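Dear colleague,

Please find below the structure that I am handing over to you.

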Amino acid sequence: MALTGLILVLFVIGHLIGNLQIFAEPEVINQYAHFLHSLGPLLWLVRAFLLITVILHVWMAVLLVIENRKARPQGYEGEHTHRASYASRTMQYIGIIVLAFILFHLAHFTLRVTHPEYEQLRYVLQEGAYQGTEVLDVHAMMVMGFQKPLVSLFYIFAVGLLAFHLRHGFGSIFQTLGLRNKYWAGTIEKTTITFAVAYFLLNAAIPLSVMSGVVDNENVNSIGESAEVLTLPEDASSESTE
Amino acid sequence: MNVTLKVWRQKNADEAGYFETLEARNLNPDMSFLEMLDVVNNELEADNKMPVAFDHDCREGICGTCSLTINGQPHGPGEGVASCQVYMRSFKDGDTITIEPFRAKPFPVIRDLVVDRTAFDKIIQSGGFVTVRTGSAPDANAIPIPKETADLAMDAAACIGCGACVAACKNASAMLFVAAKASQLNMLPQGKAEKDTRVLKMVATMDEAGFGNCTNQYECSAACPKLISEDFIGQMNRDYLFASLRQKFLRRKKNA
Ligand code: HEM
Ligand code: SF4
Ligand code: FES
């Protein structure tokens with residue numbers, strides 16, 4: 001639990017830093033995305049590793065919950081909680097919702113099956129070794145995705161839940177690995193809360209900035225129009241079910 | 001004062017239990033909770049009814065025998081007290097009080113509020129000891145131990161083996177008990193010889209008994225009558241990690 005959780009925490013931190021590049025000009029995040037894609041087999045290796053990590057994490061969580069339920073077949077009439085945080089008591093429920101979000105998120109931005117029109121967003125790199133290469137305009141794709149209020153709200157809700165999951169999980173790692181004692185307990189607890197709040201705010205800032213127009217993209221405004229004419233009707237219906 | 005009791009009655013581990021409502025009348029607020037049960041039982045016996053079975057011995061918080069869950073709280077209200085140290089003045093006149101046994105799969109009910117905690121004995125037998133040479137007693141202070149270490153080992157050794165940590169844990173995990181019993185010896189030079197096998201075997205025995213897994217919520221230490229710290233669980237996790245690594249890579253025999 002702790003080892004897979006630690007890997008996932010490190011990944012979500014890296015992923016957040018990558019995503020925050022949306023606040024720079026489109027060149028920056030498109031260069032970054034192209035760099036990742038140019039890794040080729042290595043990228044697939046990392047993706048496979050992460051997928052296995054998520055599967056293991058969920059599998060362990062399922063075993064954990066089953067074993068723990070078995071250990072107390074008869075519950076208490078007067079259920080009492082001394083100090084277990086709400087986050088710690090909802091790990092498995094929040095975890096399942098986060099899992100559903102991860103699947104949607106992969107379909108949305110990584111595989112782009114929900115929005116094939118994203119492929120029409122192209123960008124020609126201006127600088128560096130890949131100058132002149134035409135790539136998928138990741139910046140425009142994110143802006144276009146988050147310009148839809150329902151999608152944005154869903155993302156904000158989901159990162160909120162993930163932050164809540166980590167409000168227990170982050171600090172829990174230290175205890176499980178034997179790195180916590182009374183001298184460090186306070187620092188770990190404060191770091192955990194700071195991390196969860198900062199993680200939520202920084203993630204939520206991305207869709208919020210797009211919706212409020214702070215982050216915009218020219219490509220979306222020109223090409224995006226023709227793309228939306230083509231796909232708007234089914235698009236609207238698919239979102240209402242999410 | 002008068003209170004209404006909702007008491008768990010169960011004939012044995014195989015029969016289903018149920019709650020029985022009993023009235024406890026004319027109590028002195030300075031009576032202990034167990035004395036209140038004595039009063040109730042006297043009345044039941046006078047009526048030719050089966051008294052409520054509950055565990056107790058020292059009645060001064062040192063033996064770890066008493067084991068009541070009072071209003072969902074193992075050992076009832078108050079910090080750092082055993083069931084026998086709970087007094088009726090902690091309740092209000094007219095209160096309804098729910099009394100249940102410590103609930104966990106490895107603690108089967110023997111009768112009413114009495115549970116079988118043999119699983120704890122098995123854990124101790126598997127590693128909660130040190131080997132000593134027989135013969136005359138060693139000199140006091142022959143082995144120097146830093147005061148801080150001795151104090152910490154004493155903190156762990158304060159565990160009275162009551163099982164409230166298991167009862168309070170959302171997952172019925174026995175980690176606090178096992179951590180206290182393993183750490184108290186693992187920290188001291190006398191316990192060094194069996195350090196690795198101790199932690200590996202005690203944890204294995206704990207798992208076999210069917211206790212749940214720790215999810216780091218620290219309900220255990222909040223309910224513990226001796227306020228054993230969850231720090232010892234962190235320490236045991238660390239000892240366990242290193243012991244497993246040493247066993248894997250140094251190819252030590254499992255039962256050495
Ligand atoms: C990418 C997202 C996720 C991250 C970063 C993450 C991270 C963590 C971390 C760090 C822990 C604490 C490990 C420990 O207690 O030592 C944890 C525990 C847990 N996670 Fe996740 N997790 C994620 C997704 C999920 C999902 C999808 C589930 C689905 C069921 C889930 C269910 C659980 C459960 C049940 C626990 C154990 C609770 C406990 O030990 O108190 N997590 N997670
Ligand atoms: S750790 Fe505390 S609650 Fe658990 S058995 Fe020992 S004294 Fe009882
Ligand atoms: S009866 Fe001995 S500790 Fe309560």
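**Findings: the site of ligand 1**

In chain A, at least two residues of the shell around ligand 1 are supplied by each of helix 1 (2-19), helix 3 (41-70), helix 5 (91-110) and helix 7 (149-176). Please note that this is a predicted model. Helix 7 of chain A contributes the most to that shell, namely eight residues.

Ligand 1 is surrounded by 25 residues, and the closest are His57(A), Gly95(A), His165(A), Ser172(A) and Thr176(A). The site is shared between chains, because the residues around ligand 1 come from chains A and B. By class, the shell holds 14 nonpolar and eleven polar residues, with no charged residues.

Several polar atoms lie close enough to ligand 1 to be listed individually:

- Ser172(A) has a polar side-chain atom 2.6 Å from an oxygen atom of ligand 1.
- His168(A) has an N or O atom in its side chain at 3.1 Å from an oxygen atom of ligand 1.
- Thr215(B) has a polar backbone atom 3.3 Å from an oxygen atom of ligand 1.

**The site of ligand 2**

Ligand 2 sits in the second largest cavity. Helix 4 (164-168) and helix 5 (175-186) of chain B are the elements that give two or more residues to the shell around ligand 2. There are 13 residues around this ligand, of which Cys159(B), Cys162(B), Gly163(B), Cys165(B) and Cys224(B) come nearest. The shell around ligand 2 consists of eleven nonpolar and two polar residues, and no charged residues are present in it.

Helix 4 of chain B also contains Ala164(B). This residue is buried, because its relative accessible area is 0%, and the cut-off for buried is under 20%. Beyond residues up to four places away in sequence, Ala164(B) touches Pro74(B), His75(B), Phe102(B), Ala223(B) and Pro225(B). Between Ala164(B) and Trp8(B) there are 17 Å in space, C-alpha to C-alpha, while the two are 156 residues apart in sequence.

**Two residues of chain A**

Thr192(A) belongs to helix 8 (residues 182-211) of chain A. With a relative accessible area of 1%, Thr192(A) falls under the 20% cut-off and is therefore buried. A polar atom of its side chain lies 3.4 Å from the backbone nitrogen of Gly171(A).

Arg112(A) is located in a loop of chain A, between helix 5 and strand 1 (122-124). Is Arg112(A) buried or exposed? Arg112(A) has a relative accessible area of 17%, and since the cut-off for buried is under 20%, this residue counts as buried. The side chain of Arg112(A) makes a polar contact of 2.8 Å with the side chain of Glu119(A). A polar atom of the Arg112(A) side chain also lies 3.5 Å from the backbone oxygen of Thr110(A). Not counting residues up to four places away in sequence, Arg112(A) touches Leu106(A), Ala107(A), Tyr118(A), Glu119(A), Leu136(A) and Met141(A).

**The two chains as a whole**

For chain A, the secondary structure comes to nine helices and two strands. Read from the N terminus, the elements follow the order α-α-α-α-α-β-β-α-α-α-α. The C-alpha atoms of chain A fill a box of roughly 60 × 40 × 35 Å along the principal axes. Chain A has 242 residues, and 42% of them count as buried. Of the contacts in chain A with a separation of 6 or more, 75% are between residues 24 or more positions apart.

Chain B contains eight helices and seven strands. Its C-alpha trace spans about 65 × 40 × 35 Å along the principal axes. Of the 256 residues in chain B, 51% are buried. Among the contacts in chain B between residues at least 6 apart in sequence, 69% join residues at least 24 apart.

Yours sincerely

Methods. Residues numbered from 1 in each chain as written. Chains lettered and ligands numbered in written order. Predicted model: local features only at pLDDT ≥ 70, side-chain atom pairs only at ≥ 80, totals over all residues. Heavy atoms only, no water. Near = heavy atom within 4 Å. 1 Å grid on protein atoms, 1.4 Å probe; cavity = no way out; pocket = protein on both sides within 12 Å on 5 of 7 lines; lining within 4 Å. Sits in = over half its atoms within 2 Å of the grid points. Helix = DSSP H or I, 4+ residues; strand = E, 2+ residues; numbered from the N terminus. Nonpolar A, V, L, I, M, F, W, Y, C, P; charged D, E, K, R; others polar. Buried < 20%, exposed > 50% of the residue type's maximum accessible area, 1.4 Å probe, protein only. Polar contact = N/O pair within 3.5 Å; in protein donor to acceptor, adjacent residues only side chain to side chain. Contact = heavy atoms within 4.5 Å.
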